[in-house]
Amino acid sequence: MTQRTAETLSAALYRDPAVYEEERKLVFAKSWILFAHESQLSKPGAYVASRMAGFALLAVKGEDGAVRAFHNVCRHRAGPLVDDGAGDCGNALLCRYHGWRYALDGRLASARDFGPASDFDPRDFGLIPLQCAMWHGFVFVNMDRNASDFEQTIAPLEKKASAMALERFTRVRHSEHLLKCNWKTYVENYLEGYHIPVLHPALNASLGSTYGVEIDPPVQFYHATPREGSAVAGLWAWQWPCLGVNVYADGVLMERMWPVDHGHTKLDYLFLFAEDADEASIRRAVAASEVTTAEDILICEAVQQNLNAGVYEKGRLSPKHEAGVAWFQTQIRRALDR
Ligand code: FES
Ligand SMILES: [Fe+2]
């Protein structure tokens, strides 16, 4: 039986700043986001801070050992508490603007030299908290207090977690790429293997001919059989809306596809390797990923320019190879109510 094709999203959705503003609120502010790994938060005061879709977020380990996450935004006049990156803030988060001090659990401990005020209760000015959940050492956050249950979101990945043996991985390497394209342009590239034989000769040579997609919402899995000696393990997953999971022989790359604005995307790579992984296999995995990423960046930036140019309006998706893209686009239509 022949299948019907799906029509792509219209090009305007990839270039319109107003669409991006909607996505910030309707997609990113409502989704579970992989934010850090617990090995980055080893003792009280250790924090990770980063900007995702314009939201400044931070996760910090408390005196009680619990990891909590907050907006990195002071309740006085919106100053940042910490710079982006990983570090140690000691026993308090100190605003870098006028020095308000917050306990590691988010309470406002002192509004420095504020002056007497009858209508100001510091208890009303704690940091804005995020939901926080742990999964095999990974810290996920969600800005939406009424967000869907984390267990339900993570269930598809959890089914495959034993195949990934994530607990072995404790050595973090971090790298970033800034792309001149809309985040959806990059995500959709990730969601299909159709382009692999054309765009990625090295990756293609390391894989057998089978490439299967399995959609288990909100996750998609891609399977291929790696050839002998390949750096990749032949298993990739992607979780709505912006997380790729690339499994290597001796590690895993959590690939965060985070929008910066409507026309720029940051690839924030959290590589994790086993404590005893040898340096050569780490270098091989990182190098294989860098080659594939460089090829994807070039094509995604070229595609984005064409989407911006106003000639192409809509295309069709291959029923054989692009079911993952079609699923993603359906979720975008649903989220934006279009
Ligand atoms: S903005 Fe934080 S102390 Fe003023
Ligand atoms: Fe690719």
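1. A residue is called buried if 20 or more other C-beta atoms lie within 10 Å of its own, exposed if 12 or fewer do, and partly exposed in between, with C-beta atoms placed from the backbone. By this rule A78 is exposed, because 11 other C-beta atoms lie within 10 Å. A78 sits in the loop between β5 and β6, and its phi is near 70°, a positive value in a residue other than glycine.

2. The model is predicted: local features need pLDDT of at least 70, side-chain atom pairs count only at pLDDT 80 or more, and totals for chains, interfaces and linings use all residues. Residues are numbered from 1 along each chain as its sequence is written, while chains are lettered from A and ligands numbered from 1 in the order in which they are written.

3. The loop between β5 and β6 also holds C74. C74 counts as buried because it has 22 C-beta neighbours inside 10 Å. Leaving aside residues up to four places away in sequence, C74 touches G79, L81, C95, Y97 and W100 (contact: C-beta atoms, placed from the backbone, within 7 Å).

4. Seven strands form an open antiparallel sheet in the order β2-β11-β10-β5-β4-β3-β6. Helices (H or I, at least four residues) and strands (E, at least two) are DSSP runs numbered from the N terminus, and two strands pair if DSSP finds at least two bridges between them. β2 (33-37) and β6 (85-88) are the edge strands; each has a single partner strand, so one side of each lacks a neighbour in the sheet. Within the sheet, β4 (residues 55-61) and β5 (residues 67-71) pair in the antiparallel sense over five bridges, and A59 has A69 in β5 as its bridge partner.

5. The chain is divided into domain 1 (1-30 + 154-338) and domain 2 (33-147), with bounds from an automatic or database domain assignment. The contact takes 18 residues from domain 1 and 14 residues from domain 2. On the side of domain 1 that touches domain 2, α2 (150-164), β12 (169-179), β17 (251-261) and β18 (264-274) each supply at least two residues, and β17 gives the most, with four residues.

6. Two cis peptide bonds deserve mention. The bond from P217 to P218 is cis, with omega near 0°, and P218 lies in the loop between β13 (207-216) and β14 (219-226). The bond from W240 to P241 is also cis, with omega near 0°; P241 is in the loop between β15 (232-239) and β16 (243-248).

Definitions and conventions: Two residues are in contact if their C-beta atoms, placed from the backbone, lie within 7 Å.
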